[in-house]
Structure formats: C-alpha cells, structure tokens
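User: Hi! I'm new to protein structures and would like to learn how to read ring contacts and surface charge. Could you walk me through an example?

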Amino acid sequence: MTVDTIITHATVLTGTTRPAAGYPALPAEDTAARGTATFLPDHAIGITAGEIAWVLPTGEVDPVDLAGATVLDAGGQVAVPGLVNTHTHSPMTMFRGSAEDVPTASWFNEHIWPMEVNLTERDVTLGARLAVGEMLLAGVTSFADHYFMADRIAEVVADSGARALLASTYFSSQGTEGIARSAEFAERWNGAADGRITTAMGPHATYTVDDADLEATAEHARRLGVRVHVHAAESMSQTRSSLARRGVTPVQVLHDTGVLEAGAIIAHGTGIIEDDLRWLTPFADRVAVASCSKVYLKHAHSETPVRMLHDAGITVGVGTDGPASNNTLDVLESMRVLSLVQKMVHADATWLTSAHALDLATRQSAAALGLGDRLGAIQPGFRADVVLLDLDKPHLQPMHDLAAALVLSVRASDVTTVLVEGRVVVRDGALTTMDLTDTIAELNARLPGLTDTAHGRTIQDYAP
C-alpha cells in the first residue's frame with residue numbers, strides 16, 4: 001500500500017487492554033489480567049489517506065516508501081494514540097479562574113450562570129479557538145463538547161483539524177426551542193469536516209430537563225443515530241435529593257426516559273450507586289461515564305465509582321470538564337489525578353494500574369464517544385490520530401517503566417508532534433493550523449463585558 005506519511009524510530013504504544021473485573025484480588029504475577037499497554041521499540045507507522053496502513057520495525061520499512069513519503073523522525077519519542085477528552089465545555093476558557101474557592105451552588109448561581117447571560121456568538125468562537133488550540137498542544141485530538149451556540153464550536157473544529165463529538169446544550173426552561181435546536185444541530189453537523197465531527201443530543205441534566213423532554217431527546221437520538229451527552233448523578237447529594245423527591249435515582253430517570261437505550265455519555269456520575277447497575281449494565285455497549293477527577297477534588301465532591309463501574313463492564317472515559325471548573329484541558333493531568341485518587345479512595349495501591357489508566361484515556365475514552373472501532377489504538381485500519389512525546393526530558397529519566405512514566409511523570413509540554421487524520425496539526429510544540437495571538441488579545445479585551453453580573457439575570461437556577 002502506498003503511504004503518504006511515515007513516522008520512524010518511535011516507541012509505539014500500539015494499544016491497551018481492559019483489566020479483568022476484580023483484578024486487585026488476582027495473583028500479583030497475573031499482570032495481563034491487570035491490563036496491558038503494548039509498546040514496540042524502534043517502530044515505524046505508515047499512514048495513507050488519514051488511516052494507519054501498517055506498523056513495522058523501522059528497519060523493515062521499504063526504502064521506496066521512505067523515498068515517496070513525508071518522513072517524521074521520532075527518535076527518542078513515544079507515539080501514543082491521540083488522547084480523548086470525554087466531557088468538556090470548551091468555550092468556557094473565557095471563564096477560567098473567574099469563580100474560585102466557592103461552593104458548587106454559588107459557583108453556578110452567583111458566578112457562571114449569571115456571566116453566561118452575556119455570551120455572544122463571537123465569544124463562543126474565541127473561547128472555542130483557545131480551547132481547541134490548548135487541547136491540540138497537549139495531545140488531545142478528540143473531545144466531547146457540551147455547550148451553547150454549538151455551530152460556532154463546530155466551525156472552529158472544522159478549521160483547526162481537530163476531532164470532536166459536539167452537542168448543543170439546552171434546558172427545559174427554554175421550551176421547545178432548545179430541544180429542537182439541539183436536534184437540528186445534531187442532524188446538520190453529524191459527519192461534517194470529512195467525518196471529524198460527530199454529534200450528540202445535549203440535554204443539560206436530569207434536574208434541568210424534565211422527563212418529557214428527555215423522552216423526546218431519546219427519540220431524536222434514535223432517529224438520528226447519535227448518543228445523548230448529559231450531566232447526571234453529578235454528586236451523591238444529587239442522588240439523595242432525587243430519591244427523596246421522586247423515589248428514583250438520576251440514572252433510573254435516564255433509563256425510564258429511554259436515554260440509556262439510545263446511548264449516553266453520562267457526565268460525572270459520582271452519585272451512581274450500586275443499585276444503578278441494574279439500569280446501566282443492559283446497555284453497557286452504548287453507555288459510558290466521563291470522570292473528571294480534578295474537578296471533584298476542587299469542588300469537594302465524591303469521586304466517580306470507577307471500580308464498581310469497571311467490574312460491571314461499564315466503559316469509563318477520562319474528561320476534564322470545562323476549563324472554568326478544571327482550569328486546564330489537559331487529559332494527561334486528568335488521567336494522573338484519576339489514577340491517584342482511585343488508589344486513595346480504595347486504600348489500595350494495586351488498583352488502577354498505569355496500564356489501566358492508559359486504557360481509560362485512549363481505548364475506553366474513544367469507545368465512550370462511540371468511536372472505539374477507529375480511535376484509541378495505533379493499529380492498521382484505525383484513523384491516524386497520533387501524538388509524539390519527547391522522552392529525553394529530565395523528569396522522565398531514567399526510564400524504568402514507560403507506562404508509569406506516561407501516567408505519573410509526563411507533562412503536556414512534552415508533546416512535540418500531533419497528527420489528526422494523518423495531518424500534522426502540531427509540529428515542534430507549535431500549532432500549524434491556528435494562530436492564537438489575536439484570539440487571546442480579543443478575548444481579554446472582552447472580559448469586562450463577559451464577567452459583568454450587575455444585570456441580576458441568570459440562565460438557570462442551580463437547585464438539583
């Protein structure tokens with residue numbers, strides 16, 4: 001097969017495997033049951049028409065191919081599948097650091113939702129440009145976004161060369177307009193940008209969208225063949241409140257309204273309880289939970305029950321949440337925090353190995369977006385979303401365990417090269433498809449108007 005791009009001399013993370021259920025109790029020598037991360041030293045990746053054609057030892061590459069292709073020498077670097085951010089609100093870069101050290105209700109009701117009243121479509125464009133640039137520089141090639149004025153985000157994704165699953169957010173308080181707009185967006189943009197853009201329905205949450213609208217959402221999702229991206233069971237207090245008021249958990253609400261059957265990305269799920277597994281497991285092939293551990297630490301919430309979900313066969317993806325709550329869009333950082341918090345929560349150093357963490361951030365996160373058949377591994381037939389990281393850094397040496405280094409030591413600044421669909425979108429640590437200089441200047445000039453809350457209005461009340 002003729003190739004147009006070849007990455008040579010890389011240590012290639014070809015793929016990962018899911019650990020066995022209950023793996024901490026398995027014999028320590030049963031390493032495969034704890035998940036695998038397969039690295040191939042001094043290998044080359046051949047790419048044609050945006051797809052990985054082959055992965056071979058560099059010494060076995062046909063000289064004719066080398067002469068006819070663009071060659072990227074990755075000596076001293078590791079090639080990993082493009083990272084996937086399974087839940088964020090990318091334009092909220094504009095509110096980064098604007099509401100700190102406050103309780104969740106205050107964060108929404110006194111800061112973020114009153115500021116979002118001020119949004120214009122230009123603000124969303126600027127915020128999305130900054131976010132997409134930040135993610136690409138950190139090796140995040142795909143992200144699941146959930147926000148307003150989603151057409152503007154889609155345009156940024158299309159122009160930047162990134163990949164995204166996009167949902168247009170709505171509340172029931174908007175009446176029929178919100179759900180109609182979300183469905184129209186999902187239909188209009190699904191498969192756009194040569195397939196780099198996929199879509200989902202975007203109900204905000206089980207406490208801001210009523211059951212009738214969730215049922216209608218599920219119907220739209222089934223009709224369009226897309227998933228539903230929704231906040232649910234965001235904290236244990238939400239679950240307790242739902243049980244007290246309605247006698248059902250937020251996850252049961254998703255089940256009873258048909259959302260789980262349609263397929264769903266459940267944002268956060270820190271309030272998922274064991275009884276919810278009876279609603280989740282029948283749809284394990286199309287339901288995933290996006291865990292954003294850094295945000296839970298910051299807002300003093302409970303943690304996603306990753307161990308319980310894992311043992312039940314439910315996919316868990318790594319997310320950052322929006323940069324207004326996380327402060328960064330760094331999936332490497334989010335993966336590291338998730339792995340460490342899980343060890344602490346369970347007081348078990350054998351739980352959530354480095355190989356497992358890499359599986360969550362790549363293969364499982366791709367599956368969460370419904371793209372597990374084409375993303376999350378560097379193997380023939382998969383899309384050529386590839387990230388190169390420089391291993392010759394003091395904080396990564398000496399190298400005893402590459403998987404552990406990628407989870408516990410690597411930094412976003414170690415990313416040197418990023419390809420999406422075989423196209424180089426970051427070269428030598430710099431963006432090739434975007435210049436953010438004017439974007440940052442314009443966004444900063446807009447801040448006084450964006451952050452003004454003197455009008456006394458809010459887009460919604462937070463009272464889950």
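This is a predicted model: local features need pLDDT of at least 70, side-chain atom pairs count only at pLDDT 80 or more; totals for chains, interfaces and linings use all residues.

User: Let's start with the rings. How many aromatic pairs are found in the whole structure?

Analyst: A search of the whole structure turns up seven. To read a pair, look at the distance between ring centres and the angle between planes; planes over 60 degrees apart count as edge-to-face. Trp107 and Phe108 have centres 5.0 Å apart and planes at 90°, so they are edge-to-face. Both of these residues are buried.

User: And how do the rings of Phe148 and Phe171 pair?

Analyst: That pair is tilted, with 35° between the planes and 6.0 Å from centre to centre. Phe148 sits in the loop between strand S7 and helix H4, while Phe171 sits in the loop between strand S8 and helix H5, so their pairing ties together parts 23 residues apart in sequence. Phe148 and Phe171 are both buried.

User: Which residues do ring pairs link into a cluster?

Analyst: The cluster consists of Trp107, Phe108, Trp113, Tyr147, Phe148 and Phe171.

User: Now the charge. Which residues gather in a patch of negative charge on the surface?

Analyst: Look for Asp210, Glu215, Glu219 and Asp256. Asp256 belongs to helix H8, which covers residues 250-256.

User: Is Asp256 buried, partly exposed or exposed?

Analyst: Exposed means over 50% relative accessible area and buried means under 20%. Asp256 has 45%, so it is partly exposed.

Definitions and conventions: Residues are numbered from 1 along each chain as its sequence is written. Side-chain values use heavy atoms; hydrogens and water are left out. Patches are made of residues with over 30% relative accessible area and no salt bridge: like charges are joined within 9 Å, nonpolar side chains (Val, Leu, Ile, Met, Phe, Trp, Tyr) within 5 Å. Accessible areas come from the Shrake-Rupley method with a 1.4 Å probe; for residues, only the protein chains shown count as cover. A salt bridge is a side-chain nitrogen of Lys or Arg within 4 Å of a carboxyl oxygen of Asp or Glu. Lys and Arg count as positive and Asp and Glu as negative; His and the chain ends are not counted. The place of a charge is taken as NZ of Lys, CZ of Arg, CG of Asp or CD of Glu. Helices (H or I, at least four residues) and strands (E, at least two) are DSSP runs, numbered from the N terminus. Buried means under 20% relative accessible area, exposed over 50%, partly exposed in between (1.4 Å probe, protein chains only). Rings of Phe, Tyr and Trp (its six-membered ring) pair if their centres lie within 6.5 Å; planes under 30 degrees apart count as stacked, over 60 as edge-to-face and the rest as tilted.
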